[in-house]
Amino acid sequence: MKFSLHWIEEFLDAPPGEDRSRALLDQAGLPVESVEPGKPGGTGPVFDVEITPNRPDAMSHRGLAREIAALSGTPLATPSRELAPPDASGEAVESLASVVIQVPRLCRRFGALLVRGVSAAAPAPERVRARLSAIGSHPISAPVDATNYALWSLGQPLHAFDFDTLRGGMLLVRKARRGETLVTLDGVERRLDAADVVVADAERAVSLAGVMGGLETAVTAATRNVLLEGAWWDPVSIRKTARRHGMHTDASHRFERGADVAAIPEALHLATHLILESAGGTLAPGLLDVRGLPFRIRKTSLRLSRLRLLAGDPRLTLDFAADALARLGFSVERRPRRVMVEIPLGRHDIRLEDDLVEEVLRVYGYDRLPSRLPPTTIPGRHLEPRRLVEEGLTDAAVGAGLYETVGYPFVNPAEEEPYEPWIRTSGGSDSLRIANPLDETRRCLRRTLIPELLDAAGGNARRGRREAALFEVGRAFGREDGDPEDPPSLESRRFGFVLSGEARAHWSETARSRPFDFYDAKGLVERLVEPWIAAEDLQWSAAAMPGFAEGACASVETVAGPLGIVGLVAAAERQRRSLPDASFAAEIWVDRIPTRPRDEAFATWSAFPPIEADLSFAHGPELTWRELREAIRAEGLAHLDALRVADRWEGPGVPDGRKKTTVRLTFRSGERTLSQEEVNGERDRLAAALKSRFGVEF
């Protein structure tokens, strides 16, 4: 695109000159491909600037001036009076014309001004014609040149209607009707598609919105009343319309990339000033400013740590970042370790924190960044500690004979309802809906890994593999403490597995011996987290939720809070997932696992033999193993080396309402061989303590 240097300098308080301006545009990522000498009329040199499609804000002289001012550290010039509303008189525009928007998503703002009593055949001012000619836009008439001048000056396309040809004195923004035709300014009759957006009067379409106006309502030498229109059009709609009709105009080039909705009033005022200056007339008081669907104010933040990490330069500061972004037109609010940024509506290319880093570095200068290799410490070491936890869990699962699977992150929220209690316990929130799902049946992001793992096991079963030992390490989405402006905060790390069918035989066994049971799944959880959390530090308790069978589900906690869930899959879930055998599923909340492994200590193995002693007793069903274990340890039995449940029974031989438990105590000394009398004495002391505390019966 071609731009006049003198025109650019009109927006600068202290123009840096031709060479410096060219260098600054190159630094800004808007390289000047060539420079043409100035032409008569004081246009100055003409820059041919390469502008990428994601920078429609730079497709104007003011946009380039803003880049030069930001990178040079000089202020923009005080806005010209031509950008302010002109003097007006007579009947208000609201009583003479009206605008109605029927497609508020595709036209979010429509502005219009009415200039009456003009001499449309008059030429535009000399400076306007000279500047337009210098950049290759041929002058036509005062009203048309005024709209073109506003486009190239501010980046906002305008259109001029002959107001007297508009039937009903109104403009209606709507979809084209089936079979409707329009003769555009190039004299071609076009058959409109129902997806096209048009500007119509009370009877017919008068403009192909955002692309080209209609011939019947165009400004001619006989025009006396001009209605100026400036609008914002949906980029996707304009791009499809232009491609459908094989058209490409200066207006469509900008609208399909995203125009600045805030520039509409200024562009209308500038064009009106030029018309009044050259073609005379009077401006009707007021501005028709009709709004469609409102824009969402986009905000994000820039952290100093992220800025320095991506730039690799510790000299960068938040003060510099805030100043650079403010000079580029962003609204900034300084915080201790970050800058909160409100993104201008015209900067459609800025969405993420990393985009803001790029903006700061454009001002800072990429040539100032140090050239060095990224820091390395230990080969293969992760900078993210939690990732090491995930790899440790993966290695342990593979070592236990499980196979890794990758589930689909998009789910039907109804599939997760049976596990809603666990989702809420582990900090989950409502499902996050996807704006444009690939599959309407999977319109939300998953909040747990369990349903996808069960589906994978069921898929294996349908193909003849009844045994399944699968795991997945991945992300769940939706957290109560998440910040919508910080997408990563909505994620949580999860590790899930499913066991179905018969347990995998040990290499020394001749055949598979038994099906999986609850304790296989519970024990696997303990084995997986053992490098970080000792088994005795895990607190297991009964849990209940629809996805698991009643009485066969347990949750596990640490001092930090909920850690995981494990249980026998309910019959209804098995039937839904096509699981023929009893299946056990579990999920671990990885974020609750410490990033630092437990300290390991070496203890000399005793050379003396152990002595085992069993203690059997009946007790009420409310007494849990956790309470028993804590009570036994609290007794401080001498030389107690290990403790486990040998048997737990209820039924024949045990009174109704009672359970019988056998505890196996292992005693060992590192200094001598223990006597049976010593062991029996400690066992009897424990029996008396349990009878006194819990009322057990021997």
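Which residues in α10 meet which residues in α11? Phe320, Ala321, Ala324, Leu325 and Arg327 in α10 meet Leu356, Glu359, Val360, Val363 and Tyr364 in α11, where contact means heavy atoms within 4.5 Å. By class, this contact has 8 nonpolar, no polar and 2 charged residues; Ala, Val, Leu, Ile, Met, Phe, Trp, Tyr, Cys and Pro count as nonpolar, Asp, Glu, Lys and Arg as charged, and the others, Gly among them, as polar.

The model is predicted: local features need pLDDT of at least 70, side-chain atom pairs count only at pLDDT 80 or more, and totals for chains, interfaces and linings use all residues. Residues are numbered from 1 along each chain as its sequence is written, and side-chain values use heavy atoms, with hydrogens and water left out.

**Helix packing and the sheet**

Helices (H or I, at least four residues) and strands (E, at least two) are DSSP runs, numbered from the N terminus. Helix α10 (residues 318-327) packs against helix α11 (residues 353-364) at an angle of about 90°, and their axes are 9 Å apart. Axes are lines fitted to C-alpha atoms, for helices over the stretch in contact, and angles run from 0 to 180 degrees between N-to-C directions. The two helices α10 and α11 are therefore roughly perpendicular, a term for angles of 65 to 115 degrees.

Between β16 and β18 (residues 338-342) the antiparallel pairing covers 5 bridges, and Ser301 stands opposite Met340 in β18.

| Residue | Location | Relative accessible area |
|---|---|---|
| Arg447 | loop between β21 (444-445) and α14 (450-462) | 5% |
| Phe477 | strand β22 (residues 468-477) | 16% |

The side chains of Arg447 and Glu420 are joined by a polar contact of 2.8 Å, defined as a pair of N or O atoms within 3.5 Å; within protein, one must be able to donate a hydrogen and the other to accept it, and residues adjacent in sequence count only if both atoms are side-chain atoms. Not counting residues up to four places away in sequence, Arg447 touches residues including Glu416, Asp430, Phe477 and Arg494. Phe477 and Pro409 are 68 residues apart in sequence, with 8.8 Å between their C-alpha atoms.

Methods: Angles under 35 degrees count as roughly parallel, over 145 as roughly antiparallel, 65 to 115 as roughly perpendicular and the rest as oblique. Buried means under 20% relative accessible area, exposed over 50%, partly exposed in between (1.4 Å probe, protein chains only). Two strands pair if DSSP finds at least two bridges between them.
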